[in-house]
Amino acid sequence: QVPLVESGGGLVQPGGSLRLSCSASSSIFSGRTMAWYRQAPGKERELVASISTWGYSNYQDSVKGRFTISRDNTKNTLYLQMNSLKPEDTAVYYCNAPTHLGNWGQGTQVTVSS
């Protein structure tokens, strides 16, 4: 069983856009705040954005105004719309529930480069 599956990453130029998706098992997704994390080379994994079951969202300062987190509770799916991408956004992106961090998916690679 793979409870978390991220997709949608790729190689884009600075200023470009990507939309990431995360398919989660109902046991993880239902009734829980969900979040996107990222880990850049040589860096620790960090929280990017989170969204509650009611739709309240929070963002890391560096992505405010550029990224939008959303969720579809009927599909157990989490999304991250990323606009105006910068080289410093390059990382492997993961989704998870902050209350369920013992297990992680494979992540999806986002590379922003000229």
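Helices (H or I, at least four residues) and strands (E, at least two) are DSSP runs, numbered from the N terminus. This is a predicted model, in which local features need pLDDT of at least 70, side-chain atom pairs count only at pLDDT 80 or more, and totals for chains, interfaces and linings use all residues. Residues are numbered from 1 along each chain as its sequence is written, and side-chain values use heavy atoms, with hydrogens and water left out.

**Exercise 1. Describe how S7 and S8 pair, and sort the residues of S7 by face.**

Step 1. Two strands pair if DSSP finds at least two bridges between them. S7 and strand S8 (residues 77–82) are joined by 6 bridges and run antiparallel.

Step 2. Phe67 has Met82 in S8 as its bridge partner.

Step 3. The covered face of S7 holds Phe67, Ile69 and Arg71, while Thr68, Ser70 and Asp72 are on the uncovered one.

Step 4. Beyond four places in sequence, Met82 touches Gly16, Ser17, Leu18, Leu20, Arg66, Phe67, Tyr93 and Val110.

**Exercise 2. Give the strand order of the open sheet and explain why one side of S2 and of S6 is left without a neighbour.**

Step 1. The sheet has 6 strands in the order S2-S10-S9-S4-S5-S6, with mixed pairing.

Step 2. Strand S2 (10–12) and strand S6 (57–59) are at the edges and have a single partner strand each, so one side of each has no neighbour in the sheet.

Step 3. S2 is joined by 3 bridges to strand S10 (residues 108–112), and the two run parallel. In this pair, Val12 stands opposite Val112.

**Exercise 3. Which residues have the most contacts inside the largest nonpolar core, and which element gives the most to this core?**

Step 1. A nonpolar core is a set of buried Ala, Val, Leu, Ile, Met, Phe, Trp, Tyr and Cys residues joined through side-chain atoms within 4.5 Å. The largest one has 26 residues.

Step 2. Met34, Trp36, Phe67, Leu78, Leu80, Met82 and Tyr93 have the most contacts inside this core.

Step 3. Among the elements that give two or more residues to the core are strand S3 (18–24), helix H1 (26–29), S7 and S8. S3 gives the most, with 4 residues.

**Exercise 4. State where Cys95 and Gly65 lie, and whether each is buried or exposed.**

Step 1. Cys95 belongs to strand S9 (residues 91–96) and, at 0% relative accessibility, is buried.

Step 2. Not counting residues up to four places away in sequence, Cys95 touches Leu4, Glu6, Cys22, Ala35, Trp36, Leu78 and Trp104.

Step 3. Gly65 is in the loop between S6 and strand S7 (67–72). Its relative accessible area is 86%, so Gly65 is exposed.

Key:
Buried < 20%, exposed > 50% of the residue type's maximum accessible area, 1.4 Å probe, protein only. Contact = heavy atoms within 4.5 Å.
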